[in-house]
Amino acid sequence: MTIEIIDESGQALDVKHLAALSRFVMDQMRVHPQAELCIKAVDEATIAELNEQWMEKEGPTDVLAFPMDELRPGLVNEEPEEGVLGDLVLCPTIAAAQGETAGHGTLAEIELLTTHGILHLLGYDHAEPEEHREMFGLQDTLLAQWRAR
């Protein structure tokens with residue numbers, strides 16, 4: 001897997017940790033071993049601009065996901081599709097505030113947002129109650145597995 005991480009946030013981002021988590025989540029979701037992912041960490045002004053441009057929403061957000069080749073999780077008995085998974089844009093300062101509010105800190109929030117974003121890139125959504133249960137249940141399972149290893 002190719003995982004490119006670009007840190008333009010001005011924060012102290014543990015790039016190796018983020019790459020290891022991303023690889024773990026992609027492996028667990030049976031994403032093709034040659035798939036590509038780009039994660040970009042940015043400041044609040046940049047993510048607010050992207051949020052308005054692409055999501056038509058005002059203000060900064062925590063994570064944006066831009067799927068490329070519409071890859072889906074691999075099935076156990078099938079070879080996964082090769083391609084570009086897509087791009088994630090994270091805002092560490094928003095993650096820090098959310099992590100403090102949630103009581104689990106910045107790193108745990110960045111892990112949550114990265115996992116959440118990868119699931120979005122794989123076609124998961126949470127607009128409907130059933131989708132929400134499935135996506136957040138999977139997200140919780142992946143994070144628990146990651147932290148237990």
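What follows is a walk through the helix packing of this model and then through a few residues in its loops.

First, some ground rules: this is a predicted model, in which local features need pLDDT of at least 70 and side-chain atom pairs count only at pLDDT 80 or more, while totals for chains, interfaces and linings use all residues. Residues are numbered from 1 along each chain as its sequence is written, and side-chain values use heavy atoms, with hydrogens and water left out.

Let's start with helix α4, residues 105–121, and its packing against helix α1, residues 15–28. Helices here are DSSP runs of H or I with at least four residues, strands are runs of E with at least two, and both are numbered from the N terminus. The α1 and α4 axes sit 10 Å apart, at an angle of about 40 degrees. That makes α1 oblique to α4. For the geometry, axes are lines fitted to C-alpha atoms, for helices over the stretch in contact, and angles run from 0 to 180 degrees between N-to-C directions. Under 35 degrees counts as roughly parallel, over 145 as roughly antiparallel, 65 to 115 as roughly perpendicular, and the rest as oblique.

Who does the touching? On the α1 side you'll find His17, Leu18, Leu21, Ser22, Val25 and Met26, which meet Leu107, Ile110, Glu111, Thr114, Thr115 and Ile118 of α4. Contact means heavy atoms within 4.5 Å. Sorted by class, the α1 contact with α4 has 7 nonpolar, 4 polar and 1 charged residues. The nonpolar class holds Ala, Val, Leu, Ile, Met, Phe, Trp, Tyr, Cys and Pro, the charged class Asp, Glu, Lys and Arg, and the polar class the others, Gly among them.

The axes of α4 and α5 come within 10 Å and cross at roughly 130 degrees. That makes α4 oblique to α5, and the crossing is right-handed. From α4, the contact uses Ala108, Glu111, Leu112, Thr115, His116, Leu119 and His120; from α5, it uses Met135, Phe136, Leu138, Gln139, Leu142, Leu143, Trp146 and Arg147. By class, that gives 9 nonpolar, 4 polar and 2 charged residues.

Helix α3, residues 92–102, also packs on α4, with axes that come within 7 Å and cross at roughly 115 degrees. The two are therefore roughly perpendicular to each other, and the crossing of α3 and α4 is right-handed. Pro92, Ala95, Ala96, Gln98, Gly99 and Glu100 of α3 meet Gly105, Thr106, Glu109, Ile110 and Leu113 of α4. The tally for α3 with α4 is 5 nonpolar, 4 polar and 2 charged.

Now for the loops. His32 lies between α1 and β2 (36–41), and it is buried at a relative accessible area of 10%. Buried means under 20%, exposed over 50%, and partly exposed in between, using a 1.4 Å probe and protein chains only. The His32 side chain reaches the backbone nitrogen of Gln34 at 2.9 Å. That is a polar contact, defined as a pair of N or O atoms within 3.5 Å; within protein, one must be able to donate a hydrogen and the other to accept it, and residues adjacent in sequence count only if both atoms are side-chain atoms. Beyond four places in sequence, His32 touches Met1, Glu79, Pro80, Glu81 and Glu82.

Glu79 belongs to the loop between β3 and β4 and is exposed at 65% relative accessibility. Glu79 and His32 are 47 residues apart in sequence, yet 7.7 Å apart C-alpha to C-alpha. Met68, in the loop between β3 (63–67) and β4 (84–90), is partly exposed at 44%.

Finally, a look at backbone angles. Most residues other than glycine have a negative phi. Arg30, which is not a glycine, has a positive phi of about 55 degrees; it sits in the loop between α1 and β2 and is partly exposed at 32%. Glu56 also has a positive phi, near 60 degrees. Glu56 lies in the loop between α2 (44–55) and β3, and it is exposed, with a relative accessible area of 74%.

Definitions and conventions. A crossing is left-handed if the near helix is turned anticlockwise from the far one by less than a right angle, and right-handed if clockwise.
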